[in-house]
Amino acid sequence: TAISLLEKNDKGFFLLIEGGRIDHAGHANNLENLLYEMTTFNETVSYVYDWAKNRGDTLVIVTADHETGGLQVTGNNGAGNLPDVTWSSTGHTSANVGIFAYGPGGDQVEGTIDNTDIYSILYVPTYSLTVSSSPAQPVEIMISPSDSGGSGSGQTGLTRTYFQYTPVSLTAPYIANGSVFDKWLVNGTE
């Protein structure tokens, strides 16, 4: 699969998977093909979701760039039977489409959003913070605020990466393990 090839890149990757035949079925107003293509796409999304949920570092977004055909279900014909439907078009419509997300940053996807906002959700700059003490000695520290995008505590000399700009406060002098630390060095600067 594409994922098995791309996941070997330690810098991460972006993968776009399109269910383009869903659009074709909408243009043709072909319900059977539409349902088949949506079922196949759902299987793909399920595979990606199962892969991502075991990682913790992967954002999955599922959406469409437009609706096609203006499909409306008008009657339920029971399990195993196609429903009665009407189509309002063989083209693209202005109907809202769903957007669903899972993973880091997925909480930014809720309700109705403008499709141009997806870029700002996908583009996640990182900020690194390296903390050391003077005198140099490994001590337990707490970086405040603790956030889910970075680690909140650890030893000096550790570099933390934050996925959003995060204010950090360090207090000096600082007393730990019977030693007094009179200054903090953040990214090499006092």
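A residue counts as partly exposed when its relative accessible area falls between the buried limit of under 20% and the exposed limit of over 50%. In this predicted model, D50 has a relative accessibility of 38% and is therefore partly exposed, and K53, at 42%, is likewise partly exposed. The side chains of these residues, K53 and D50, meet in a salt bridge with an N to O distance of 3.5 Å. Because they stand 3 residues apart in helix α3, about one helical turn separates them. An α-helix has 3.6 residues a turn, so residues three or four places apart point the same way.

The helix that carries this pair, α3, runs over residues 31-53 and spans 32 Å from its first C-alpha to its last, close to the 33 Å expected. Its N-terminal end is capped by N30, a side-chain oxygen of which lies 3.3 Å from the backbone nitrogen of E32. Buried residues of α3 include L31, L34, V48, W51 and A52, and among the elements that cover the buried residues of this helix are α1, α2, β1, β4 and β6.

The side chain of T68 makes a polar contact of 2.5 Å with that of D23 and a polar contact of 3.1 Å with that of H66. Leaving aside residues up to four places away in sequence, T68 touches D23, G26, H27, W87, G91 and H92.

Terms used:
Residues are numbered from 1 along each chain as its sequence is written. This is a predicted model: local features need pLDDT of at least 70, side-chain atom pairs count only at pLDDT 80 or more; totals for chains, interfaces and linings use all residues. Side-chain values use heavy atoms; hydrogens and water are left out. A polar contact is a pair of N or O atoms within 3.5 Å; within protein, one must be able to donate a hydrogen and the other to accept it, and residues adjacent in sequence count only if both atoms are side-chain atoms. Contact means heavy atoms within 4.5 Å. Helices (H or I, at least four residues) and strands (E, at least two) are DSSP runs, numbered from the N terminus. The expected span of a helix is 1.5 Å times one less than its number of residues. Buried means under 20% relative accessible area, exposed over 50%, partly exposed in between (1.4 Å probe, protein chains only). A salt bridge is a side-chain nitrogen of Lys or Arg within 4 Å of a carboxyl oxygen of Asp or Glu.
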